[in-house]
Structure formats: C-alpha cells, structure tokens
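User: I have a structure open and would like to go through it with you. Can you take my questions as they come?

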Amino acid sequence: LVQGYPGQPLLEDRWVGIVAATNTVVGTELTLENMAALPWVGPFTRSGPGAAIPPLRRLRSLGIDPQIEVVTDSFVTVPFLVAGSNRVAFLQERLARRLAPVAAVRILPSPVDVSVVLTLRWHHSLTDDPGHRWLRSVLQRAAQQVEDGGPPAI
C-alpha cells in the first residue's frame with residue numbers, strides 16, 4: 001500500500017491454481033507437494049520471474065521454491081502456457097474463470113490462501129478535482145459491475 005495517499009478499494013479477488021485439463025499428476029486438489037515438484041509458468045516482473053506474485057512469495061516463505069520453467073509478460077497468456085503440459089501456475093480467479101474454457105485448464109483452490117485487493121490511489125491534491133472525482137466514480141461503478149458478475153460497462 002502507498003502510505004499517506006487517499007484510496008478507494010475497487011475489487012477483491014483471490015489467487016487460484018491452474019493446471020492443464022489433461023494433467024494426470026494433479027488430482028482434484030493442488031497440494032504443496034505438487035507445487036514443489038511441478039514446473040511453473042510465471043509472469044516476469046522487474047524483480048525477476050514471479051518475484052512480485054504474492055502467492056509465490058508465500059510458497060517461498062514455506063520453503064518451497066517454485067521451479068519456473070516458462071516466463072511470460074502477461075497474465076492473459078498464463079493459461080495457454082499451462083494447457084497441454086504438466087505445468088502449474090497461479091492466476092487471479094476472475095481471469096482464470098474467463099479463460100479456462102478456451103485454454104483447456106482446470107481451476108483448483110490454492111493451498112496457500114492469498115487474496116488480491118485492487119485499490120485506486122491518488123495524490124491528495126486531486127481529491128476534490130471534479131474530473132478526478134468523475135473518473136473515480138466511473139471506475140467504482142465498473143468495479144461494482146464486475147463484483148456483481150458482469151462485464152464492466154464504462
């Protein structure tokens with residue numbers, strides 16, 4: 001979080017595990033043992049492959065060092081790089097649910113419970129700016145539509 005700046009929570013989501021629909025190594029649940037043994041798809045960040053992803057940091061704190069085999073610069077490509085392989089990955093649940101039918105992946109609860117809160121932050125000098133207030137209201141309405149299960153209509 002950015003300390004000292006006004007903020008407004010927009011969306012809450014959680015990280016889930018994904019595996020290929022054809023994966024025979026992972027059953028109906030993703031275990032810490034699976035996560036330690038299987039190769040990973042991880043997003044690339046400035047800090048390195050997967051470094052900034054909270055559930056991967058959580059795994060590392062438990063002594064599991066995910067073996068990242070494939071790196072991508074977009075979360076949207078993650079399920080397609082998992083499909084047809086024995087790879088595993090973390091993905092935000094809403095995105096995973098949208099892409100699973102076309103990417104041929106299964107969504108499984110993560111054995112490490114990590115949520116995602118998308119928060120809008122701005123400089124305090126913009127709090128009363130009419131244009132910025134309007135933008136915040138548009139983003140809040142779009143986020144509410146996503147929370148209600150529909151696509152955002154901006």
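User: What should I know before reading the numbers?
Analyst: This is a predicted model, where local features need pLDDT of at least 70 and side-chain atom pairs count only at pLDDT 80 or more, while totals for chains, interfaces and linings use all residues. Residues are numbered from 1 along each chain as its sequence is written, and side-chain values use heavy atoms, with hydrogens and water left out.

User: What is the mean pLDDT of the chain?
Analyst: The mean is 88, and 90% of the residues reach 70 or more. pLDDT is the predictor's confidence in each residue, from 0 to 100.

User: Which element has the lowest mean pLDDT?
Analyst: Strand 3 (residues 48-49), with a mean of 58. The highest, 97, belongs to strand 6 (residues 105-108). Where pLDDT is low, the predicted coordinates should not be read in detail.

User: OK, how many helices and strands are there?
Analyst: Five helices and seven strands. Both are DSSP runs numbered from the N terminus: helices are H or I with at least four residues, strands are E with at least two. From the N terminus on, the order is β-α-β-β-α-β-α-β-α-β-β-α.

User: And how much of the chain is buried?
Analyst: Buried residues make up 37% of the 154 residues. Buried means under 20% relative accessible area, exposed over 50%, and partly exposed in between, using a 1.4 Å probe and protein chains only.

User: New topic. How many aromatic pairs does the structure hold?
Analyst: Two. Rings of Phe, Tyr and Trp (its six-membered ring) pair if their centres lie within 6.5 Å; planes under 30 degrees apart are stacked, over 60 edge-to-face, and the rest tilted.

User: Is Phe-90 buried or exposed?
Analyst: Phe-90 counts as buried because its relative accessibility is 4%.

User: What is Phe-90 in contact with?
Analyst: Contact means heavy atoms within 4.5 Å. Leaving aside neighbours within four places in sequence, the contacts of Phe-90 include Trp-15, Met-35, Trp-40, Leu-56 and Val-112. Phe-75 lies 15 residues from Phe-90 in sequence, and their C-alpha atoms are 9.3 Å apart.

User: What about Glu-93?
Analyst: Glu-93 lies in helix 4. Its relative accessibility is 15%, so Glu-93 counts as buried. Not counting residues up to four places away in sequence, Glu-93 touches Asp-13, Arg-14 and Val-16.
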